Amino acid sequence: MTQEIHVRRYDIDWLRCLAFLLLIFYHVGMYYVFDWGWHIKSAEQSVWLQDVMVWSNQWRMSLLFFISGLVTSLADHKLNHWAILKERSSRLLPPLIFGMFVIVAPQVYYEGLTQDLFELGYWDFWLHYINPNSEFLSDHHGPIGLLTWNHLWFLPYLWCYSLILLAISPWITQVLSHRLLQSINGKCALAVLILVMLGIWFYLRPNYPVTHDLFNDWYSHGKYFWVFVVGFALDKFPVLWQRLIECRSGLLIVAFMCYVFIIMDRHQMFQPLADLYTSSNGVRLFYGSIFVTNHWLWILAIVGYAGRYLQFSNRFLKKINRAILPCYILHQSVIIVFAANLAYWAIPAWVEAPLLIVSTALCCYLGYELINRSKVLKPLFGLK
């Protein structure tokens, strides 16, 4: 299983595709899950769906940043830093700007319609949406009016993290190449991952709620940048990467145990302990340790299983690997447009949800095929 670090890692390609595809299921779930705010909500909402979605919402975005860090390190073997930043800028910034003005607009429109905030047609709404000086829905304005990036927040975060990491990567590479660090074993490495994340969880999470606005989102930055750096570093430790593959089953078992504890706690099965959460630092650290361990072990177990079973390529991977960024850009707007229009038919949720998933996947695929054939649209969706 051992391979040179300059060889293309197909397992990472598979992971990136599967992680992005998970977003379709997750965001369809957000439409139906009970008591979790989203842009629009179904009339039929499910309480039990929360337990299912808790499984991935602890680590799904972290996995994307982890993979992105790995990809950055793998690219570092072939390209200089300026070439990497230029390539990443061309793939992230035009889609971000185009997405904010065009792709995200239907999300804001249907969110306003479902909340009875206005009765405008789409064109009239869009003219207000792209005008940061418009007084329309002023109570709902952000720093640039109604204009927002919604689910595209991943793009500016990844670009900023890439810029910072490439600036400090010579120092990081020098530190990681130290003989003492190169001799670190898996248990010590895992302890470092958990302890750093526990500090982020304990000190930043209570004071900086998640905003995704880039400038006031310090808990998210601490969490995701640390994951991004760890992904970058893993490529420098092929022995540890191989160790993940060998220990994948053990990591999965412990990760599942942490998930079971979290679900049991959500159902008040440890109420005496939960009652001490606000008054005891020890209890907070205990809960934080469970959440952080759950977060890391799912990521590491998934990377391990991918390394064992997904070290191959085929035509499907090549196609979907190219399509994944346009599909990511499109998917949430497609879900919201379809969901808002299907709501008028009052279809039972057990029929509507699969229909919504299939319709979204099909529309994203057709959208990619159109984009891939257009010289104008390609750069607007991050395609070379």
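Select arginine 373 to begin: at 64% relative accessibility, this residue counts as exposed, where exposed means over 50% relative accessible area, buried under 20%, and partly exposed in between (1.4 Å probe, protein chains only). The model is predicted, so local features need pLDDT of at least 70 and side-chain atom pairs count only at pLDDT 80 or more, while totals for chains, interfaces and linings use all residues. Residues are numbered from 1 along each chain as its sequence is written, and side-chain values use heavy atoms, with hydrogens and water left out.

**Salt bridges**

Glutamate 369 is buried, at a relative accessible area of 12%.

Helices here are DSSP runs (H or I, at least four residues), numbered from the N terminus. Through shared partners, salt bridges join Lys319, Glu369 and Arg373 into one network.

The whole structure has seven salt bridges.

**Threonine 360**

Return to helix α16 (residues 349-372) and select threonine 360. Is threonine 360 buried or exposed? Threonine 360 is buried, with a relative accessible area of 0%. Apart from neighbours within four places in sequence, threonine 360 is in contact (heavy atoms within 4.5 Å) with Ile24, His331, Val334, Ile335 and Phe338.

**The largest cavity**

Select Phe20, Leu21, Leu23, Ile24, Ile324, Cys327, Tyr328 and His331, which line the largest cavity. A cavity is a set of points on a 1 Å grid over the protein atoms alone where a 1.4 Å probe fits but cannot get out, and lining residues have an atom within 4 Å of a point. The elements that give two or more residues to this lining are α1 (10-32) and α15. About 40 Å³ of space lies in the largest cavity, volume being the space filled by probe spheres set on points joined across faces, edges and corners. The count is one cavity of 30 Å³ or more.

**The nonpolar core**

Finish with the largest nonpolar core, which has 123 residues. Such a core is a set of buried Ala, Val, Leu, Ile, Met, Phe, Trp, Tyr and Cys residues joined through side-chain atoms within 4.5 Å. Phe65, Phe66, Tyr129, Phe154, Trp296 and Tyr328 have the most contacts inside this core. Select phenylalanine 65: leaving aside neighbours within four places in sequence, its contacts include Trp153, Phe154, Tyr157 and Tyr224.

Methods:
A salt bridge is a side-chain nitrogen of Lys or Arg within 4 Å of a carboxyl oxygen of Asp or Glu. On a 1 Å grid over the protein atoms alone, a cavity is a set of points where a 1.4 Å probe fits but cannot get out, and a pocket is an open set with protein on both sides within 12 Å along at least five of seven lines; lining residues have an atom within 4 Å of a point.
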